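Please keep the sequence and the model at hand while reading.

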Amino acid sequence: MLLIYCPYCEEERSELEFRHGGDAHIARPTNIADITDEEFQDYFFLRDNPKGLIFERWRHIHGCGRFFNAARDTVSDKFVMSYKAGEPKPNLSGEPTATEKTVETYEATEGTAK
Amino acid sequence: MADQALRKAPLAGRHGGSAGARVTPAAAATRLSLRAGEDAIGTLSLAFGLELPRRPKTSASVSGRHALWLGPDEWLLIDENGTDLMGIASGVSALHSATDVSHRNTAILVSGPDAAGAIASACPLDLGNTIFPVGAAARTVLGKIEIVLFRSGEEDYRVECWRSFSPYAFGLLAEGAEDAGL
Amino acid sequence: MSGANRIAGQGRLTPARTARFTFDGKTFDALEGDTVASALLANGVHLVGRSFKYHRPRGILSAGPEEPNALIDVSRDAARRQPNVRAPVQEVFDGMKVSSQNRWPSLAFDVGGVNNLLSPFFAAGFYYKTFMWPKAAWEKVYEPFIRRAAGLGVAPTEEDPDHYANRYAHCDVLIAGAGVAGLSAALAAAEAGARVILCDEQPEVGGALHFDTSVKIDGQNGYDWAQATAARLEAMENVTILTRTTAFGYYNHNFVGLVERVTDHLARPDKTLPRERLWQVRAKRVILATGSIERHMVFANNDRPGIMLASAARTYLNHFGVAVGRKVGVYTANDSAYEAAFDLKRAGVTIAAIVDNREKPGEAVLAEARKLGIEVLTGHSVVDTKGKLRVSSMSVVRNGGGSARAIPVDALLMSAGWTPSVHLFSQSRGKVAYDAASGRFLPGTYAQDCLSVGSCNGTDGLQATIEESLAAGELMARATGNEGGGKVELRGENAFEWTGGMAGTGEGAGIDTTVKAFVDFQNDVCAKDIRLAVREGMHSIEHIKRFTTNGMATDQGKLSNIHGLAIASEVLNREIPKIGLTTFRAPYTPVTFGALISHSRGELFDPARKTPMHAWEEAHGAVFEDVGNWKRAWYYPRSGETMHDAVNRECRTVRNVAGLFDASTLGKIEVVGPDAAEFLNLMYTNAWDTLKPGRCRYGIMLREDGFVYDDGVVGRLAEDRFHVTTTTGGAPRVMHHMEDYLQTEFPHLKVWLTSTTEQWAVIAVQGPKAREILEPLVEGIDISNEAFPHMSVREGKICGVPTRLFRMSFTGEAGYEVNVPADYGEAVWQAIWARAEPLGACAYGTETMHVLRAEKGYIIVGQDTDGTVTPHDASLSWAVSKKKADFVGIRGLKRPDLVKEGRKQLVGLLTKDPKVVLEEGAQIVADPNEPKPMKMLGHVTSSYWSENCGRSIAMALVAGGQARMGQTLYVPMPDRTIAVEVSDMVFIDKEGGRLNG
């Protein structure tokens, strides 16, 4: 179970108090009624699902109730940081992205099986 | 004119717990869900006669009236004397939202040396003395439900929950109290 | 006497304190503190079970949780019976009943033993290869047969009468394992002031000090030091010691699951005690002091009863005072086994010989063996054993060849060295690294805030372990902000340093494909099976594991993993680290469902939410239905009435007189602030700025994709205050959805949301006499038709208490919804009932509510819509504002698929035979004679007998439904095809006049 730092409560609290809210920094177009099908598709349907660093929304739903953003490594589940909603996306280009192999197979270590 | 309708508390008549942690329903109280921005805190504090807390997980109490910090713009006000809190709020012109939740919530008091242990049977908060001292308050979970936990004394906790969840909360706390007392 | 093999003066149990138990019906005496294993051994019982696949006789292999063989069934009574209990872990209590498993008709004569003779047919991968065909036979023939023939104990059939507890705990430092390392670390951390939790799976602290009597710490015997240290820690306020407590799972962010066994060792446990207690620990730092597990030697017939780990024999002697044999052989590749021989010899047991696979054992142990007159055969191997139900001899050859010498023994101790217990480390997602020098996998890269100390970290030597552990304890305490205390120092000494160890097969495992040299005892995996797996193309250790099932039993390969890996490495001719270790998964040892469920049983399984009027409803005979967690009155049968009768009566009564309905479960949200109307404009398809205070409107909420998400009536109480209602099931998610948009998309709006669902009890009074019923009870509100028309809201008083009174209807009748503060709900309901009943009104439940709303074509979101329905599909276009520039879903509604012709649309259906009631969910087709697969046009969403219409009515989603009005469609059912006519959805009072009555 994750331990999540809430930037409003200023402490780490159990995952039980939180709800995940999908990718962060996807702004609803202010002219949404007028955007094209492709723009709507990008806004509403398409996500990157990266292996490694992801910026995502959480809500401290059973705590302070606030939505906030967090940067998490999807492989190790480590949080790099969390920050308040509305704050700019932090530049974490220096953070190493995950390289951990989830399953060590013969193929991964030795190439194709004979 | 019809007879005046009588109140019926959701946990009327219940008792439970152990020697180390007594679990009892709290008396009726008036409650307010108070929402306001930074600018209004001063005015509202004056009106309610206590300093609305600005720090997470803290509270302010003056003679039976408590203001619990729930979020950066949210407080739960509880008045054990039954004062009309909505009436006070309606006199404040500073921008805020006040909603009466006196009947939405009910409270369970958990008291005694094993009170923290009883609550820890179902609540993931760290209740250590330095981390959750007297006066600390937080919205959190108890088993499968949401609660607001308020430490009103060294060995005294107030568990606020929505009324329909209160039998579940009471049962859980009673079981927790029995186990904590072992 | 508690067993003939108990040696006077040996062990730590008190001879006077006895307990009696039965094993397969026979009564045995034991001492308090015995495990089932030690008590059976004391009584000379070695045969305790039959193996999984071959049904071979099996004995006790270990003295700990790694035990693969001695799995037993333990019971207090019929309901308190647990299968697959490890005999070396289960403590004896007076009156316990123990049974062996996986044998029929008896342990000594087991018919399934024929599997052993048939074993050529049960090679690795046998299941996959043999039972492939025919497919249907798997379920009916093969699987039931295999499950009966193979397998472990039998699950109890009765409900578990025990209760279980849960505790969330927080600490600075959690230490798993209370041996030398764990105790030292705990001492250092606790002295520095850290909040410490120290847990150990055994009944007492001490770990390896249970058997290793040659250890002294600070001049004290090791075991005594451990107990004294525990007492010292116990006295500190910042320390919690949990014994009989297994750290079974190491999860994210230092979240560790412990299970404490509270009563399983007690003869007559106090009923208030939970059987087990789950500890969910969040530790700032974790210290793993989990020790190591001795490995067995892999050679032919190494599984006979009486063959066991050397450290286990030492535990039975030094802790339990039990000699595991009278003429004991030792087969080892490691020095540690010598000490077992020394201890036994000193206790008067004959040591037949120590057979050492190595040419050069440690000098010190060799010297001591000579001194004690024990024969040591270095460079020799045990290549076979004999003995039917207990080992009777070992067959020894010089490595490299020569003739075999049979040495009679009644027990054979073995040690291939020690495997560090990296299970928890590995579960923490730490990466192990192979240390070629010692042939061990050790903690490599850490993934969490933890440290391994002692032998689980590959640290050899007592003093090194102590120093490493003290340093770790202090470091972790300092790292969590503790600054107290001075340095703790401890001085340890032991008689011998151990060297050696091997993995894989010795000489005796042979390459012969019929030799059974067991690698994994519990799953009956032999060395030959692993070789076969490689030959058959399994080159990844993950494949080998699954093909052979090595390490997949309940012991999770605690003994077998390293051997299996080494054999694969040898056959593949690849180094061990290149093959890789399979991943260790939680739990470390099996955990009961009871512990995981803990308090969530019976009434505490899930909250049962009841409305303020529940008691009245119950007293008036209501039958309840579950709606989410809510218990809602479903219908109120009177004596002799079926559900159908009751619902028909209620439906008639509401339309002819009036009815009372408990609508308290409806979600309610108070929306307050100067921008409240603007916010609602964005959240709903309708326009709210035009709604005057005192008026209500039905609103539809969409998701951004244009599909209906929720609906409800919204009343405007003041310019800046709205009372929003949601569906019962939708209340929490609608609140979350609104908060999401408010906080993250529209944070500039000055508005706040508060859930008031439970603030208000809601009493719907519906029907022609509704006003007559309410009028005398209401104060301060003129509820005449003119002053208080349909879709209005007023605040005032009823029965002397505050009310928000709504004039609204979900029945199509003139009606009111009386909102009162919840604690007054029952009293106000009673007052209204007192007026309603004499007028002939009734209380009605959710079923009648459903019928009445369907008669009017009012939809239920989630029943008539399913997340793919737009307001246009549901004939609710009128509720979608065409003037607003924005609302959630405005763009989604324009998506090509959502404006396409032929979408499924909500319509009414009238069966040609008015008596036939359609099944909800039934499919609809145009041509009943079309060959299969038929083209499905849609399905029935709501269907009822309508007493008021005198016929059945239904709603359905039908492709192009609006254009099919009057068409005949068909609903094919298994026994017949039902013809239906497409109609509009309003079946009663099409003009709507009754609403304003």
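Two strands count as paired if DSSP finds at least two bridges between them. Helices (H or I, at least four residues) and strands (E, at least two) are DSSP runs, numbered from the N terminus. The model is predicted: local features need pLDDT of at least 70 and side-chain atom pairs count only at pLDDT 80 or more, while totals for chains, interfaces and linings use all residues. Residues are numbered from 1 along each chain as its sequence is written, and chains are lettered from A and ligands numbered from 1 in the order in which they are written.

**A sheet in chain C**

- In chain C, three strands make an open, antiparallel sheet in the order E21-E22-E23.
- Strand E21 (380-386) and strand E23 (405-408) of chain C are the edge strands; each has a single partner strand, so one side of each is left without a neighbour in the sheet.
- From one strand to the next, the twist averages 30° (axes are lines fitted to C-alpha atoms, for helices over the stretch in contact, and angles run from 0 to 180 degrees between N-to-C directions).
- Six bridges join E21(C) to strand E22 (residues 393-398) of chain C in the antiparallel sense.
- C:His380 has C:Arg398, in E22(C), as its bridge partner.

**Domains of chain C**

- Chain C is divided into domain 1 (164-292 + 420-494), domain 2 (606-665 + 758-857), domain 3 (667-756) and domain 4 (901-996); the bounds come from an automatic or database domain assignment.
- Between the C-alpha centres of domain 2 of chain C and domain 4 of chain C the distance is 30 Å.
- In domain 2 of chain C, 17 residues are in contact with 17 residues of domain 4 of chain C, contact meaning that the C-beta atoms of two residues, placed from the backbone, lie within 7 Å.
- Helix H18 (643-656) and helix H23 (846-855) of chain C are the elements that give two or more residues to the side of domain 2 of chain C that touches domain 4 of chain C.

**Contacts between chains**

- Between chain B and chain C, the contact takes 39 residues from each of the two chains.
- Strand E3 (30-36), strand E7 (96-100) and helix H4 (166-180) of chain B each supply at least two residues of the side that touches chain C.
- H4(B) gives the most to this side of chain B, with six residues.
- The contact between chain A and chain B takes eleven residues from chain A and twelve residues from chain B.
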